[in-house]
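Here is a short tour to read with the structure open beside you.

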Amino acid sequence: MAHATAPAEELVKTLRDTVVALVRGDGPDLSARQLAVFLTCYLDESGHTVRGLASSLNVSKPAITRALDRLGELDLARRKVDPLDRRSVLVQRTPKGASYLKEIRAIMGSAADDEAKKAILAEKKDQPVRRLRRVAAA
């Protein structure tokens, strides 16, 4: 059972290391909701609307609007009225947002590599103990 939780534990540590690196870095400091909206817009290729984001993230439209206000201030995303349906607001990506996503990917890759190295070192440390236990049990 503990073996099944190891990958999840590594993912949580990678997430922690990524968030810490983002907070310490020079880039924007996004809330969890802002980051969720940002990543949804950049990782899902389909077009996004305020209404659609609210539905997919299961939060209110005003919450999405506030998150998009912040992303707009940081030039990570922008809103545009849909020319085909003026009641609808489209969310657009920006070059600065694409660059920020690239930075997040690099940080996560580095954090994941670090966690993998730690796991390998821990495994190597445990090998002599397991050998001694096998000898003792024999």
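Predicted model: local features only at pLDDT ≥ 70, side-chain atom pairs only at ≥ 80, totals over all residues.

V19 sits in helix α1, residues 2-24. Its relative accessible area is 38%, so V19 counts as partly exposed; buried means under 20%, exposed over 50%, and partly exposed in between (1.4 Å probe, protein chains only).

Residues are numbered from 1 along each chain as its sequence is written, and side-chain values use heavy atoms, with hydrogens and water left out.

**Overall layout**

The chain holds five helices and three strands, arranged along the sequence as α-α-β-α-α-β-β-α. Helices (H or I, at least four residues) and strands (E, at least two) are DSSP runs, numbered from the N terminus. Of the 138 residues in the chain, 25% are buried. Among contacts (heavy atoms within 4.5 Å) with a separation of 6 or more, 56% join residues 24 or more positions apart.

**The core and helix α2**

Which residues touch the most other members of the largest nonpolar core? They are L30, V37, F38, L68 and L71, in a core of 22 residues. Helices α2, α3 (50-57), α4 (61-73) and α5 (95-137) each supply at least two residues of this core, and α2 gives the largest share, five residues. Such a core is a set of buried Ala, Val, Leu, Ile, Met, Phe, Trp, Tyr and Cys residues joined through side-chain atoms within 4.5 Å.

Not counting residues up to four places away in sequence, L71 touches L30, Q34, V37, F38, L76 and A77. In α2, the buried residues are Q34, L35, V37, F38, T40, C41 and Y42. The helix, residues 32-43, has twelve residues and should therefore span 16 Å at 1.5 Å a residue, which agrees with the 16 Å between its end C-alpha atoms. The expected span is 1.5 Å times one less than the number of residues.

**Salt bridges**

The whole structure contains six salt bridges, each a side-chain nitrogen of Lys or Arg within 4 Å of a carboxyl oxygen of Asp or Glu. Three of them are listed here.

| Pair | N to O distance |
|---|---|
| R16 and D17 | 2.9 Å |
| E45 and R93 | 3.7 Å |
| D85 and R87 | 3.0 Å |

The E45 and R93 pair links distant parts of the chain, 48 residues apart: E45 lies in the loop between α2 and β1 (48-49), and R93 in strand β3 (residues 89-93). E45 is exposed at 64% relative accessible area, whereas R93 is partly exposed at 35%. R87 is exposed at 71%, while D85 is partly exposed at 25%.
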